[in-house]
Every structure is written in C-alpha cells, then in structure tokens.
Amino acid sequence: MAPKRKELSLSEKNAIAALHKAGMKGPDIARQTRHPLPTIYGVLNRFKGRGSLENKERTGRPNLLTPRDTRKLCTTVKSDRKRPLHEITAVFNESREEPVSKRTVQRKLYEEGFKKRVVKKSIRIRAANVKKRLAWCKLARHKTVEDYWRRVIYSDEYMDKYILRIHKKTL
C-alpha cells in the first residue's frame with residue numbers, strides 16, 4: 001500500500017482544472033504539475049461530479065490534541081517518567097484552555113509508544129549496612145568449612161518449633 005500523500009491545496013486543484021479547461025489531457029497535466037496521474041484524474045472527476053474543488057467536511061469528531069499538544073505531552077512525560085497519569089494530566093491541562101480527560105491523555109500516550117510498566121521492587125539497604133556486609137564478605141571469603149562454617153547453626157521458624165516440641169516432650 002502506498003504511503004499517504006499530502007493533500008493538494010486549493011490553488012493546485014484550480015491550476016489542474018484550468019489546464020483541463022484549456023484542453024490539456026491528463027498525462028500532460030501530470031507532467032506539467034508533477035503530480036501522479038491518478039491524483040489528476042481524481043481531482044477532475046471530483047470537479048465534474050460536484051462542480052467544486054473544495055474538500056468535503058470530514059466525518060467524525062476532530063482530534064482534541066494537535067500535533068503540537070502531543071509533543072508537549074510527550075515532553076511532560078519524559079521530564080518525570082515515574083509521575084502518575086493523574087498528575088501528568090493535571091500538568092498538561094494547566095496550559096490548555098479546554099482541559100482533556102485522563103483517558104484522552106492515556107490513549108494519546110499509548111499511541112506515542114508510552115506503555116505502563118511496573119517497576120520491580122528492590123531491597124533497600126542503608127549505605128552503612130552495605131559497607132558492613134561487604135566488609136564481612138571480604139573477611140569470610142577465606143574461611144574454610146573446617147574452621148568456621150561448621151560452627152554456624154542454621155535456624156528457621158520451623159526448626160525452632162520442632163526443637164520446642166522435643167523439649168516439651170522431654171520435660
């Protein structure tokens with residue numbers, strides 16, 4: 001499928017119609033105006049059918065956001081990507097006369113490639129504890145099983161309950 005082309009201006013359409021009225025054929029008009037032949041025939045057929053070169057009014061609701069609004073919205077999001085949608089909408093609506101809904105902003109951001117992601121939570125360790133852990137690891141890495149690790153007792157909640165039960169039975 002061919003890419004969409006820019007719409008012809010009214011002056012270009014008038015020039016095509018004038019050349020046709022002057023007696024030029026479609027291929028000659030296409031060569032002179034440097035527009036594709038199907039475009040020339042489309043303009044001429046529309047002129048013959050409707051008697052006017054004006055475009056019909058578009059159907060459907062026009063977009064609330066212009067391309068400039070969309071760029072501004074993207075800039076707002078890029079300034080702080082962790083900002084929630086309701087805050088993005090509020091900041092965006094501050095500079096607009098006619099505010100848009102949160103859903104409109106969400107839809108436009110999705111069209112522009114911004115998708116919701118949940119940040120994976122990481123364990124937060126204070127800087128002091130990071131230093132202490134690193135120091136302990138550096139000390140313990142050379143210790144062998146015979147002289148150190150055999151003295152370490154593993155304990156968990158299950159084992160504690162098990163030991164308590166045994167202790168109660170012996171009493």
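Here is a short walk through helix packing, salt bridges and one surface patch in this model.

The model is predicted, so local features need pLDDT of at least 70 and side-chain atom pairs count only at pLDDT 80 or more, while totals for chains, interfaces and linings use all residues. Residues are numbered from 1 along each chain as its sequence is written, and side-chain values use heavy atoms, with hydrogens and water left out.

Let's start with the helices, which are DSSP runs of H or I with at least four residues, numbered from the N terminus. Helix 2 (residues 26–33) packs against helix 3 (residues 37–50) at an angle of about 115°, their axes 9 Å apart. The axes are lines fitted to C-alpha atoms over the stretch in contact, and angles run from 0 to 180 degrees between N-to-C directions. That makes helix 2 roughly perpendicular to helix 3 (65 to 115 degrees; under 35 is roughly parallel, over 145 roughly antiparallel and the rest oblique). Further along, helix 4 (residues 67–79) and helix 5 (residues 85–94) pack at about 135°, with axes 10 Å apart. That angle makes helix 4 oblique to helix 5.

Now for the charged side chains. A salt bridge here means a side-chain nitrogen of Lys or Arg within 4 Å of a carboxyl oxygen of Asp or Glu, and the count comes to 4. One of them joins Asp28 and Arg31, at 2.9 Å from N to O. Both residues sit in helix 2, 3 residues apart, or about one turn of the helix. Asp28 is partly exposed at 32% relative accessible area, whereas Arg31 is exposed at 59% (buried is under 20%, exposed over 50% and partly exposed in between, with a 1.4 Å probe and protein chains only).

Another salt bridge pairs Asp69 with Arg96, at 2.8 Å from N to O. Asp69 lies in helix 4 and Arg96 in the loop between helix 5 and helix 6 (102–111), so this pair ties together parts that are 27 residues apart in sequence. Asp69 is buried at 17% relative accessibility, and Arg96 is buried at 17% too.

Ile123, Ile125 and Val130 make a nonpolar patch of about 290 Å². Patch residues have over 30% relative accessible area and no salt bridge; nonpolar side chains (Val, Leu, Ile, Met, Phe, Trp, Tyr) are joined within 5 Å, like charges within 9 Å. Val130 belongs to helix 7 (residues 127–140) and counts as partly exposed at 43% relative accessibility.

How values were computed. Accessible areas come from the Shrake-Rupley method with a 1.4 Å probe; for residues, only the protein chains shown count as cover. Helices (H or I, at least four residues) and strands (E, at least two) are DSSP runs, numbered from the N terminus.
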